[in-house]
Amino acid sequence: MEFMINMRTPDYDPNEKFEIEKHPNINLLSVECGDTDGSKIVGGNRTTLYEFPWLAIIMHKNGNSLSMNCGGSLINARYVLTAAHCIKGREVAKVRIGEYDLSTEIDCTGEDMFTQCAPKYQDIDVSEQIHHEAYNDDPMIVNDIGLLRLKNSVNLNLRNSGLICLPITDSLLTVDIYGERGIVAGWGLTENLAKSDVLLKVTVPIYSPRTCLQRYYRNIHYTTESLDRFTNMFCAGELGHDSCKGDSGGPLMYEGFISNTYKLIQYGIVSNGNMDCGTEPPTIYTDIRKYMKWILDHMRP
């Protein structure tokens, strides 16, 4: 089986001004993305059948079986964006696209003549794992971002498969999302401490790195170095509304304007947080705006 763990160091000057719309790989990210149709993660609700067709489930090898402990998002037909901690030191076997209800092979909603059923999910082998070369989890998790290259392309002609938008313009990279509410979706632990079979979503308030740091170190004097460590992250969540264990690697989404249309755009990756989900402090997310050059540098046709 073709399989490679890759930590390529990008060949570029870090002091060079980044103009995203001139990046040679920008066309690998389609503008045909982010269109939505339509028990729960903490404080969340069931999604509709085709609401988040870019949601991916990452399946790790666990002896002779597969485990599903992380999520991700499909950013083009060959790449899934996820957290570095979901792939570093772990062998990813497959990625599943088009899942809705884990308890059924064919997902259907409604009743009688109003029943609609989705095509079967797609399980696709992974050929390459790429985690950020500066990822570290001690003393705190930083640069928690990674890519999975799929062995074959996802069939995007199926209604339950699609792409999430990324912030691919200067205006989307500089938008102020702090104080706004984002959307998180996944199959992670619920307030009942059990994973949900059905894909769930929740809206959460987004906090700036400084506010995030204050929430985590409320009673501790923090330094400029501490704040620097938080500059590539933000926090999101509130009492009763949060992502949770098992949602790791999944997207935080916020509406934005691409090609004269409002679409859902991924701004965060679920990274880490309080073990007691839905309480203080809120979950930490990798800020994708700070890593768009890294993402594009590590993609290929």
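Where is the place of Asp 112? The legends below answer this and describe other close-up views of a predicted model.

Residues are numbered from 1 along each chain as its sequence is written, and side-chain values use heavy atoms, with hydrogens and water left out. In this predicted model, local features need pLDDT of at least 70 and side-chain atom pairs count only at pLDDT 80 or more, whereas totals for chains, interfaces and linings use all residues.

**View 1. The protein chain has four helices and 16 strands.** Helices (H or I, at least four residues) and strands (E, at least two) are DSSP runs, numbered from the N terminus. The chain exposes about 13,900 Å², of which carbon and sulfur atoms supply 48%, with areas taken from the Shrake-Rupley method and a 1.4 Å probe.

**View 2. Asp 112 lies in the loop between strand E7 (108-109) and strand E8 (116-117).** Phi of this residue, which is not a glycine, is positive, near 50°. Asp 112 is exposed, with a relative accessible area of 70%.

**View 3. Asn 260 is found in the loop between strand E14 (251-258) and strand E15 (261-272).** Although Asn 260 is not a glycine, its phi is positive at about 60°. The relative accessible area of Asn 260 is 70%, and the residue is exposed.

**View 4. His 85 occupies the loop between strand E5 (79-82) and strand E6 (92-97).** Its side chain makes a polar contact of 2.8 Å with the side chain of Asp 144; such a contact is a pair of N or O atoms within 3.5 Å, one able to donate a hydrogen and the other to accept it, and residues adjacent in sequence count only if both atoms are side-chain atoms. Leaving aside neighbours within four places in sequence, the residues in contact with His 85 are Arg 90, Tyr 135, Asp 144, Ser 248, Val 270 and Ser 271, contact meaning heavy atoms within 4.5 Å.

**View 5. The second largest pocket holds about 250 Å³ of space.** Of the 12 residues that line this pocket, Phe 18, Arg 289, Lys 290, Tyr 291 and Lys 293 are the closest to its centre. Helix H1 (170-174) and helix H4 (292-297) are the elements that give two or more residues to the lining. On a 1 Å grid over the protein atoms alone, a pocket is an open set of points where a 1.4 Å probe fits, with protein on both sides within 12 Å along at least five of seven lines, and lining residues have an atom within 4 Å of a point.

Methods. Grid points are joined across faces, edges and corners, and a volume is the space filled by probe spheres set on the points. Buried means under 20% relative accessible area, exposed over 50%, partly exposed in between (1.4 Å probe, protein chains only).
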